[in-house]
Amino acid sequence: MRQALALAEGALYVPSPNPRVGCVLVRDAKVIGAGATQRVGSHHAEVMALKDMAARGNDASGATMYITLEPCSHHGRTPPCVDAIIAARPTRVVFAHFDPNPSVAGRGMRRLREAGIVVDVGICADEALAINPGFVSRMTRALPYVWMKIAASLDGKTGLTNGVSQWITGPEARADGHHWRARSCVVLTGIGTVRADNPKMNVRHVVTARQPRRAVIDPGFEINDDAAVLSGEGAIVFTGDQNAEKAARFADRGITVVNVPEDSSAPAGQARRRIDMRAMMRWLAEHDTNEVHVEAGSGLNGALLQADCVDELLVYMAPMLLGEGLSMAQLPSLTKLEGVQRFEFTDVTRFGADVRLRARIASH
Ligand code: AOF
Ligand code: ZN
C-alpha cells in the first residue's frame with residue numbers, strides 16, 4: 001500500500017478532476033504490476049497496473065491488488081475498473097478507503113465480493129485521503145478544497161504601502177508556489193491583482209502537461225481584453241455585471257464568464273463590490289474543480305476568509321521586516337478574541353532563506 005500511495009503522489013499534477021490513485025499487484029511478496037491514474041478520460045490506476053502486469057508476462061492468479069481508492073463500478077468517461085479486475089481475477093483486493101463519489105460509494109467493494117474476490121478496506125486510509133483533499137471535498141461538501149498562498153515578511157506584511165511587493169520571498173519559495181499551482185484545478189485571483197501586476201497565473205518552474213484554469217474575481221467586469229491571465233485555455237471571469245456584449249466577445253475567445261449574485265451581507269461603502277464567494281465556490285465544484293489555489297491581494301483574501309471559503313493558508317515568510325505595509329488579509333477589527341479565525345499549523349518547511357507555514361482552518 002505504501003508503494004501504491006507513492007504512485008498516487010507521483011501523479012499529483014496529472015488526473016484532475018479525477019482523484020490521484022495508485023495500484024500495485026503483488027504475488028509471493030513481489031510486485032508483478034503497478035500503475036497510477038492517467039489524465040482525465042484515460043485509464044484509471046487499476047487498468048494501468050493490469051496492463052503493466054500483462055506487459056511483464058504475468059497474470060493475476062494468486063495475487064493481491066493494493067489500491068489507494070475503492071475501484072470504480074460505474075461507467076464514467078471510462079468503463080468500470082471492477083469489470084477489469086473481475087476479468088483478471090486476483091485472489092484479494094485491498095483498498096485504502098471507499099470512493100466518496102456517490103456513483104461508486106461501496107458498490108465497487110460489493111461487486112468484487114459478489115465475484116468471490118476477498119476484499120479488505122481501510123489500510124492507510126488517512127494517508128490516501130490526504131492525497132485527494134479536493135476530490136473528497138467536492139464529493140462530500142460540493143465545494144472545492146481551497147488554499148491561499150501568501151508571501152509575507154516576518155511582520156506579516158505582503159508589500160510596502162506604495163504597493164511594491166515583488167521579490168519578498170526567494171526563488172526556492174517561488175518555485176514551491178508553482179508546485180501548488182500545478183496540482184490545483186483553478187488558480188484564483190482578483191481584478192485588483194490583475195490591474196496591479198497583470199500576472200499570467202500559469203505554471204512555470206515545474207514540469208507538468210496540464211495547466212490549471214485561471215479565474216479572476218471581477219465584480220464590475222472591468223478586466224481588459226488583453227489581460228495576461230485570460231490567455232491560454234479555460235480562463236474564467238466571475239462577475240456581478242451583465243455586460244452582454246463584452247461577455248459574448250469573451251465567450252468567442254473561449255473565456256467562461258460567470259454571473260455570480262452580489263453578496264448581500266457585504267458591508268456597504270467598500271471600495272469594490274463583492275460577489276457571493278460561496279456561490280462562486282459552489283459553481284467551481286459543480287464544474288469539476290477539486291483544488292483551488294488563491295493568489296490575491298488583501299481585499300480579496302479578507303473577503304474569502306470572511307465568507308469561510310478557505311481551508312488552508314500557505315504562508316511563505318521571508319526573514320525581513322517591512323514595517324508599515326500591506327496586510328495579508330483585510331479583516332474587520334475585533335474587540336474580543338472570541339471572534340478571531342483560528343488555524344492549526346500542520347507543517348513548517350524551509351525554502352532557501354524563507355519558511356513555509358501551512359495552517360489549516362481550525363473549524364474545517
Ligand atoms: C478508480 N481508479 O484510478 C480513479 C478512480 O470518468 P471516469 O470513468 O474517469 O471516472 C471518474 C471517477 O472514477 C472519479 O470520479 C472517481 O469516482 C473514480 N476515480 N477510480 O477506480 C482510479 N481515478
Ligand atoms: Zn476506475
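Two strands are taken to pair if DSSP finds at least two bridges between them, strands (E, at least two residues) and helices (H or I, at least four) being DSSP runs numbered from the N terminus. By this criterion, the predicted model contains an open sheet of nine strands in the order 11-10-9-8-12-6-13-16-15, with mixed pairing. Strand 11 (256-259) and strand 15 (343-351) form the edges, each pairing on one side only, and the twist averages 20° from one strand to the next, where axes are lines fitted to C-alpha atoms (for helices over the stretch in contact) and angles run from 0 to 180 degrees between N-to-C directions. Residues are numbered from 1 along each chain as its sequence is written, while chains are lettered from A and ligands numbered from 1 in the order in which they are written. Because the model is predicted, local features need pLDDT of at least 70 and side-chain atom pairs count only at pLDDT 80 or more, whereas totals for chains, interfaces and linings use all residues.

Within this sheet, strand 8 (residues 186-190) is largely enclosed by the rest of the structure, because five of its five residues are buried (20 or more other C-beta atoms, placed from the backbone, within 10 Å of the residue's own). Both of its faces are covered, with V186, L188 and G190 buried on one side and V187 and T189 on the other. Strand 8 pairs in the parallel sense with strand 9 (residues 213-217) over five bridges, and T189 has V216 as its bridge partner in strand 9. Strand 8 is also joined by three bridges to strand 12 (residues 291-294), again in parallel, with V294 of strand 12 as the bridge partner of L188.

Strand 8, helix 8 (residues 191-197) and strand 9 make a right-handed β-α-β unit, the path from the first strand over the helix to the second running clockwise with the strands pointing away from the viewer. Elsewhere in the sheet, strand 6 (residues 145-153) and strand 13 (residues 312-318) pair in the parallel sense over seven bridges, and K149 has L314 as its bridge partner in strand 13.

Ligand 1 is surrounded by 18 residues, of which the closest are V21, H44, G76, R77 and N101, a residue being counted if its C-beta atom, placed from the backbone, lies within 6 Å. The shell around ligand 1 divides into nine nonpolar, six polar and three charged residues.

Note on methods: A residue is buried if 20 or more other C-beta atoms lie within 10 Å of its own, exposed if 12 or fewer, and partly exposed in between; C-beta atoms are placed from the backbone. Ala, Val, Leu, Ile, Met, Phe, Trp, Tyr, Cys and Pro count as nonpolar, Asp, Glu, Lys and Arg as charged, and the others, Gly among them, as polar.
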